[in-house]
Amino acid sequence: MINAIGQRKTIGYLILPLYLIYGEIVFKLMTVKECPPIAWVPTVLFPGIIGLIVSMLTGMTKSRKANRITRGVIMSIFALLFLVNFFIYKQFKIFYEPGTVFAGAAGVAKGFMDHVAKLIFSPSGLSAILLFIAPIVLYFIFGRKIDTGERTSFYNILQLVIIVVVASLINIPTVRGNEILKGAYSDRYSFQTAVTDFGLLTGIRLDATRSMLRKFGINSTSIAKSEEIILSPEEYEKNIAREGSTVDVALEEAAANIVYEKSVLDIDFAKLAEETSDKNLATLDEYVAGLTPSSQNEYTGIFSGKNLIIVTAEAFSDSIVSPELTPTLYRLMTKGINFTDYIQQATAGTIGGEYQIIFGLYPSDAGESFIRMSNNTTWFTMGSMLTREGYSGRAFHNGEYTYYDRDKTHNAIGYADEYMAFGNGLEEFLTDSWPRSDKEMFDATLEMYIDKQPFSLYYMSVSGHSLYSKTANAMSAKNWEYVKDMDASDTIKAYYAANLELEFALESMIETLEEKGIANDTVIVLAADHFPYGLDEDGAFGNMPYLAELYGFSPSNYMERDKNGLIIWCGELEEWDTITVDAPVSSFDILPTLLNLFGLEWDSRLFPGRDVLSDAEPIVFNGMYDWKTDRGIYIASKAEFTPAKGATIPHGYVDRINSIVREKLNYCWSVLHYDYYRHVIEDSGYIYE
């Protein structure tokens with residue numbers, strides 16, 4: 001009898017760790033589906049350790065019933081945690097840090113309940129609920145038979161300590177002894193890779209630990225100089241293929257004899273580092289001082305004084321662009337600056353994509369990054385820069401005006417004259433459907449700025465939003481006649497039809513600009529917020545059939561998944577021979593490129609991206625430490641570098657770029673959290689002229 005009670009007591013303590021191990025296995029198999037085989041060791045042992053520690057704490061009261069109920073409640077909390085993150089992954093095809101989840105929870109509950117309901121009542125959603133909840137239901141029914149609920153004794157604590165120590169002795173060398181896992185756990189940490197390699201609970205633990213350390217001024221990674229290079233004239237020509245401009249032929253012919261100035265501000269960063277008492281800011285100053293700035297070029301200032309319209313296009317993909325179906329998009333993409341290798345990193349959903357386009361930085365705090373950055377100095381956004389030049393600044397969105405706190409952020413980033421969305425004025429002009437019409441938004445707002453030149457505008461579109469079906473998407477239904485005979489699945493037809501509303505919106509805008517005679521004086525920039533993750537239920541590579549149908553191939557890594565198109569167009573460019581950028585370009589490069597094209601005062605060392613028309617080395621990267629250059633592509637999760645065809649790879653090249661990418665990501669975090677741009681502008685004594 002005593003032995004049986006002892007066994008029941010032991011089993012009781014093991015229930016929680018066993019459930020967490022079970023939960024992590026189910027979670028991984030239902031999301032990423034695969035990982036390096038060695039990663040299953042920490043995936044099992046880490047939650048086991050967490051479960052044992054929590055299990056010990058649940059036995060602190062004298063009441064057996066209270067102890068059992070506490071375990072059941074804690075298991076329920078963990079189940080909810082698994083389920084919330086499962087549904088987030090199913091919707092956004094990426095794992096979100098807790099901060100992002102909380103930041104967007106209210107908006108999702110208000111505006112996207114149809115998406116949530118579809119996910120919950122889908123076969124995979126119901127299966128997940130059953131798999132995570134069933135063990136807890138069984139525990140509450142039969143718990144008394146397997147768990148005595150007795151108070152934790154010193155002997156129990158000793159047992160648990162021994163188990164934890166043994167598990168740690170297995171875990172530590174497993175993680176530290178594997179190059180991929182070691183990097184993901186330390187200097188190449190990202191929440192995405194942490195969850196993929198170690199499990200959800202470990203990812204949350206690492207995220208919380210890093211956030212806590214950084215709040216106390218302890219940075220988990222350091223910034224040190226790892227020199228980027230300036231391309232040789234020959235390499236520069238390869239990356240920017242152009243035949244010259246019919247407008248500036250003489251300038252082009254003389255370019256070889258021109259020595260361009262550097263794209264820098266009149267700030268001595270080394271001196272600034274010596275004078276500041278803040279160690280973190282001084283470290284950033286030293287890092288910036290050690291970088292080589294890029295040069296101005298024959299395109300510097302060609303858009304000076306022109307109007308600017310920036311469009312972040314919801315779930316846009318350039319795969320839909322063709323001269324037959326989308327002639328306006330095709331015109332803007334091929335008659336402006338032609339980008340042949342553009343990547344729009346999917347980081348934190350729509351707000352992450354907006355952050356990258358507007359600030360030119362990686363959203364280190366995911367969904368919370370935008371509002372935090374908008375509370376900092378927003379000196380270098382295009383909106384703010386052009387406002388100081390006397391531009392009229394306005395932002396528009398055909399979604400809910402408070403979603404992602406845009407009502408608080410968009411005035412702060414340079415669009416102070418007006419921010420209008422659905423709920424604070426724009427609803428008077430829009431049909432209340434879902435999604436709402438981009439054309440209605442463009443048409444209604446044109447009169448608000450068209451005669452107030454120069455203007456600086458920002459549009460966040462919504463017509464391309466999921467769900468993609470004729471019955472569930474108002475824009476798909478509206479434009480179905482244009483796609484009904486396509487040789488494609490109904491899902492892809494619906495996606496095309498939804499995005500046609502953006503085509504029609506741009507067509508109307510261009511017609512108006514041309515009628516007003518200001519198309520040559522207006523620049524249009526368009527980029528997606530993220531790839532169309534709403535096409536598929538699954539997000540694992542090899543399990544996204546609709547995305548593969550859209551692309552014409554099945555993506556095998558994030559760089560392939562996030563390939564997209566970028567528009568930088570001005571009517572005047574149609575008089576030029578095509579400017580083609582063949583080197584890899586990403587959302588981080590948009591802001592630096594525009595700062596150069598508009599001839600504004602900026603410093604190329606202050607941004608992780610580059611002016612793509614300059615001689616700076618092209619490096620595209622994401623938060624998972626993958627990167628792509630003109631010499632090849634590196635996938636961090638596999639520690640695998642694939643050289644580009646015909647590329648010469650210098651000795652130590654991969655290690656050098658890996659180091660640069662780590663520093664750039666850490667720099668992005670530091671700019672956000674230390675309000676570095678405020679320090680640069682105010683503490684340096686720099687005065688904008």
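I began with helix α20 and looked up which of its residues are buried (under 20% relative accessible area, with exposed over 50% and partly exposed in between, using a 1.4 Å probe and protein chains only): D438, M441, F442, A444, T445, L446, M448 and Y449. I note that the model is predicted, that local features need pLDDT of at least 70 and side-chain atom pairs pLDDT 80 or more, and that totals for chains, interfaces and linings use all residues. Residues are numbered from 1 along each chain as its sequence is written, and side-chain values use heavy atoms, with hydrogens and water left out.

**Entry on α20.** I take helices (H or I, at least four residues) and strands (E, at least two) as DSSP runs numbered from the N terminus. Helix α20 covers residues 438–449, which is 12 residues, and spans 17 Å from its first C-alpha to its last, close to the 16 Å expected at 1.5 Å a residue; the expected span is 1.5 Å times one less than the number of residues. I then asked what covers the buried residues of α20. Their cover includes the strands β2 (307–313), β5 (392–400), β6 (418–422) and β7 (455–460), together with helix α22 (490–515). At the start of α20, I found a side-chain oxygen of S437 within 3.2 Å of the backbone nitrogen of K439.

**Entry on salt bridges.** I counted a salt bridge where a side-chain nitrogen of Lys or Arg is within 4 Å of a carboxyl oxygen of Asp or Glu, and a search of the whole structure gave 22 of them.

- I looked up K516 and D451, whose side chains meet in a salt bridge at 3.7 Å, N to O. This pair links distant parts of the chain, 65 residues apart, with K516 in the loop between α22 and β8 (522–528) and D451 in the loop between α20 and β7. K516 counts as partly exposed because its relative accessibility is 42%, whereas D451 counts as exposed at 58%.
- I next looked up R372 and D365, where the closest N and O atoms of the salt bridge are 2.1 Å apart. R372 is partly exposed, with a relative accessible area of 32%, while D365 counts as buried at 13% relative accessibility.
- For D675 and R678 the closest N and O atoms of the salt bridge are 2.5 Å apart. D675 is buried, since its relative accessible area is 14%, and R678 counts as partly exposed at 30% relative accessibility.
- I also noted a network of salt bridges that links K306, D521 and E572.

**Entry on H410.** I located H410 in the loop between α19 (406–409) and β6. Is H410 buried or exposed? H410 counts as buried because its relative accessibility is 2%. I then asked which residues H410 is in contact with, leaving aside its neighbours within four places in sequence. With contact taken as heavy atoms within 4.5 Å, these are E354, F370, A395, Y415, Y419 and Y458. The side chains of H410 and E354 are joined by a polar contact of 3.4 Å, a term I use for a pair of N or O atoms within 3.5 Å, where within protein one must be able to donate a hydrogen and the other to accept it, and residues adjacent in sequence count only if both atoms are side-chain atoms.
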